Amino acid sequence: MIDVKSEIIKKVSEEVKARLSNQESGHDWWHVLRVWNNAKLIAKNEEVDLFTVELGALLHDIADWKFHDGDDSAGPKAARGILEANMVSPDVIEQVCQIVSMVGYKGAGVTTDMATKEGEVVQDADRLDALGAIGIARTFLYSGHKNRLMYDPAQPPVMHESYEAYKKNTSPAINHFYEKLLLLKDRMNTKTGKKLAEGRHAFMEEYLAQFMKEWEGKE
Ligand code: ADP
Ligand code: NI
């Protein structure tokens with residue numbers, strides 16, 4: 001018998017790969033692949049529906065607002081289209097679209113609690129890829145893509161109290177560590193996510209300390 005679910009996962013992954021292969025490389029197919037792998041790893045220790053988790057991970061960045069004129073509805077809409085084309089059941093479609101619409105970071109002072117355990121797994125999987133060596137690389141890539149400075153001592157980090165303010169932000173790459181990346185460790189949902197986030201967090205702290213020493217010509 002054909003395993004319908006794994007056939008759907010394969011089809012959806014191929015579609016996502018085709019659509020995101022030209023994307024800026026912090027949000028491209030390789031990011032999705034890493035998040036998919038993280039999600040499968042985290043899900044091993046959680047009681048979740050793996051099919052929903054995998055679809056959520058695969059589709060979470062299918063049309064990010066950052067690359068769609070700030071439109072938050074582009075992601076869930078694109079996800080729905082792909083899921084419908086693959087005959088996924090309506091209840092799974094609802095769950096996955098909810099994950100896609102809620103998963104993103106929205107500013108230091110904005111809560112981003114997920115409505116389901118499956119959503120918590122996908123959010124942790126996505127956030128792990130924002131941390132550590134890869135997280136650092138993605139941050140400088142994104143800032144470069146946006147023509148922003150890597151650092152400006154005259155621009156202190158801002159703890160955004162609203163999603164709108166966070167979205168409008170154009171500050172240098174180093175600020176993003178303080179405005180998001182270093183805050184994620186204490187906002188992880190799952191045991192596995194928390195454990196992996198700790199090591200990646202420590203690596204970023206070390207990196208920032210070295211960056212500042214070099215900036216000041218001390219090392
Ligand atoms: P999430 O998927 O956690 O909501 P985003 O899609 O907003 O995260 O961002 C993913 C990654 O893109 C960030 O972790 C960072 O590396 C980079 N990025 C996003 N916004 C910025 C920014 N303002 N400055 C620098 N890098 C950014
Ligand atoms: Ni992502």
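Predicted model: local features only at pLDDT ≥ 70, side-chain atom pairs only at ≥ 80, totals over all residues.
Ground rules come before the stops. Local features need pLDDT of at least 70, side-chain atom pairs count only at pLDDT 80 or more, and totals for chains, interfaces and linings use all residues. Residues are numbered from 1 along each chain as its sequence is written, and side-chain values use heavy atoms, with hydrogens and water left out.

**Stop one: two helices**

Select residues 50-59, helix H3, and residues 117-128, helix H6. Helices are DSSP runs (H or I, at least four residues), numbered from the N terminus. The pair packs at an angle of about 40 degrees, with axes 9 Å apart. Axes are lines fitted to C-alpha atoms over the stretch in contact; angles run from 0 to 180 degrees between N-to-C directions.

Now show the contact (heavy atoms within 4.5 Å). H3 gives Thr-52, Val-53, Gly-56 and Ala-57. H6 gives Glu-118, Val-121 and Val-122.

**Stop two: the largest pocket**

Centre on His-27, Asp-64, Trp-65, Lys-66 and Tyr-166, which lie nearest the centre of the largest pocket. In all, 41 residues line the largest pocket. A pocket is an open set of points on a 1 Å grid over the protein atoms alone, where a 1.4 Å probe fits, with protein on both sides within 12 Å along at least five of seven lines; lining residues have an atom within 4 Å of a point.

Next, colour helix H4 (74-85), helix H5 (90-102), H6, helix H7 (132-145), helix H8 (163-168) and helix H9 (173-179): each gives two or more residues to the lining. H7 supplies the largest share, five residues.

Technical notes
Chains lettered and ligands numbered in written order.
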